[in-house]
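Please work through the following exercises with the sequence and the structure at hand. Each task is followed by a solution in steps.

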Amino acid sequence: MSPVEQPFMLDDDEDRNIPLKDRFEIQKCVDWIKTNNYSKVCLQFPDTFLSESVDVALHIEEQISNKTYILGDTTYGSCCVDEIAAQHIGGDAIIHFGHSCLTSSPQIPVLNIFRKRKMDFSALKSLISEINGSIVVIYDIGYHHLLGEIEKCFSKKDAIIPEILLGNEHNKDCSAYCKMKETGAHSEVRFSRGYCLPEVTPKNIIYIGDQTDACFKNFSYLFKGAEIWNCSFKNGIEKYSILNAYKHISYLVEEIKAAGSLTVVVVTLTMKGYLEAIDHVKMLAKKCNKKVYVISVGKPTVAKLTNFPEMELFVVIGCTELELPSRRELIQPVVGLLEVELALNSNRTWNDTLTRDFRDLIPGGQNYIPLSEIENTSSVSLITGKMNKLSDVSGGVSTELAVNQEKALASSSQKIGGKQEKTWFGLKQEIGETPVSLAVKGRHGTSTGYKEEPNL
């Protein structure tokens, strides 16, 4: 059996009976490349698919007579199209395999090949028979290949199934209320899904996937007041309570109010509006006399962010489905623009739409709320019970730069966020200022036990 015919090693909720060539839709990839006459195609794989990436690439190359390039370690997140890596080798197209957030706006042609998860339709049919009222059905992108079967399950119900927007063309009705034929577009577009609602808030939300999916969190925040049901292959049917999520958001809001500085972590260069989002955070911070620092570290891993222990909290501007470090892994809180808005924009309340997409919250976004002329800059922390301290400076972005004429690494004497400063030593030459000594043999061995260490 050839490598392409072998079953693919999948997660527990994915179909293990699908051959690799069908799972990666290799013939579809080949036809797409030949039809558009692409000569330098990049194949982007998530980490879980890298073990099979070479077999897929070789099989595609056999049919197109051109070399393909595998993109493994993505710049930011595996769900986002890595246009930056493709530009490094001058690629003219990207085939993106696995889970996709569909939020980036790349300037390069992209073909998405989604993963194929399996589903227990008997549990879903049982849930449908028990609930009444309007239903919005949200499914993880991994169930897109089962859309026909999902629609059959809801054929006798008043259900709205949002359309997955794979391009600029919207051609699928989401429900009987769909305005597609009248206006040519859906009335609502959220998280790369288009739909039309007959009422402000539907009575029931059914999410097909896991509660750990970022897509589940996105829509559970969005549809306030609705009963949320989760249908997954692993755990069956579960009713979800949003209360714990609201408690967590409230805690993060208090952390932001108490912080003296905000550190913006940029994790996208292709999403529209990310520069406006950075400026919006700066404006919010300036109103509340907080400093702002902007960093870009690529993929925001724990190892990278722990290099900034003096920062008080991180504000991530990027994809809503990006996997971020949890509070258990990182000392500082990691928040989004929604939490910053709730903390620093007095005009935004919990009654407003809660969306985790930063593009909805910036000027021009569908949920943008202007700031008031005068912001409340003092409050009592619900975490410590003390007054939140104000910054000693007038606010805005710190532009101070420490210049060392001797070209040695140094740090500014100003403390960042009221915490300890960083210092560096060792690069100054100091010629003639240090005593001359012979080289001596240092430690050798491994860090678990050097040769010079006594055996205990």
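This is a predicted model: local features need pLDDT of at least 70, side-chain atom pairs count only at pLDDT 80 or more; totals for chains, interfaces and linings use all residues.

**Exercise 1. The chain as a whole**

Task: State how many helices and strands the protein chain has, and what share of its residues is buried.

Solution. 
Step 1. The protein chain contains 12 helices and 19 strands.
Step 2. Of its 456 residues, 47% are buried.
Step 3. For contacts between residues at least 6 apart in sequence, 63% join residues at least 24 apart.

**Exercise 2. Helices α2 and α3**

Task: Determine how α2 and α3 are oriented to each other, and which residues make the contact.

Solution. 
Step 1. Helix α2 covers residues 26-36 and helix α3 covers residues 50-64; they pack at an angle of about 45°, and their axes are 10 Å apart.
Step 2. Roughly parallel requires an angle under 35 degrees, and roughly perpendicular requires 65 to 115. The helices α2 and α3 are therefore oblique to each other.
Step 3. The crossing of α2 and α3 is right-handed.
Step 4. On the α2 side, the contact is made by Ile-26, Gln-27, Cys-29, Val-30, Ile-33 and Lys-34. On the α3 side, Val-56, His-59, Ile-60, Gln-63 and Ile-64 take part.
Step 5. Sorted by class, the contact of α2 with α3 has seven nonpolar, three polar and one charged residues.

**Exercise 3. Helices α10 and α12**

Task: Carry out the analysis for α10 and α12, giving their orientation, the handedness of the crossing and the classes of the contact residues.

Solution. 
Step 1. Helix α10 (residues 274-287) packs with helix α12 (residues 337-344) at an angle of about 25°, with the axes 10 Å apart.
Step 2. Because angles under 35 degrees count as roughly parallel, α10 and α12 are roughly parallel to each other.
Step 3. The crossing of α10 and α12 is left-handed.
Step 4. His-280, Val-281, Leu-284 and Ala-285 of α10 meet Leu-337, Val-340, Glu-341 and Leu-344 of α12.
Step 5. This contact of α10 with α12 comprises six nonpolar, one polar and one charged residues.

**Exercise 4. Cysteines**

Solution. 
Step 1. Buried means under 20% relative accessible area.

**Exercise 5. Residues in strands**

Task: Locate Leu-43, Asn-112 and Tyr-240, and describe the surroundings of each.

Solution. 
Step 1. Leu-43 lies in strand β1, residues 41-44. Its relative accessible area is 0%, so Leu-43 is buried.
Step 2. Apart from neighbours within four places in sequence, Leu-43 is in contact with Ala-57, Ile-60, Thr-68, Tyr-69, Ile-70, Leu-71, Ile-95 and Phe-97.
Step 3. Leu-43 and Leu-111 are 68 residues apart along the chain, and their C-alpha atoms are separated by 9.7 Å.
Step 4. Asn-112 belongs to strand β4, residues 110-113. Its relative accessibility is 16%, so Asn-112 counts as buried.
Step 5. Leaving out residues up to four places away in sequence, Asn-112 touches His-96, Ser-100 and Leu-102.
Step 6. Tyr-240 is in strand β12, residues 236-240. With a relative accessible area of 22%, Tyr-240 is partly exposed.
Step 7. Tyr-240 touches Gln-211, Phe-216, Ser-220, Ile-228 and Ala-245, again not counting residues up to four places away in sequence.
Step 8. Tyr-240 and Trp-229 are 11 residues apart in sequence, and 5.9 Å apart from C-alpha to C-alpha.

Notes. Residues are numbered from 1 along each chain as its sequence is written. Side-chain values use heavy atoms; hydrogens and water are left out. Axes are lines fitted to C-alpha atoms, for helices over the stretch in contact, and angles run from 0 to 180 degrees between N-to-C directions. Helices (H or I, at least four residues) and strands (E, at least two) are DSSP runs, numbered from the N terminus. Angles under 35 degrees count as roughly parallel, over 145 as roughly antiparallel, 65 to 115 as roughly perpendicular and the rest as oblique. A crossing is left-handed if the near helix is turned anticlockwise from the far one by less than a right angle, and right-handed if clockwise. Contact means heavy atoms within 4.5 Å. Ala, Val, Leu, Ile, Met, Phe, Trp, Tyr, Cys and Pro count as nonpolar, Asp, Glu, Lys and Arg as charged, and the others, Gly among them, as polar. Buried means under 20% relative accessible area, exposed over 50%, partly exposed in between (1.4 Å probe, protein chains only).
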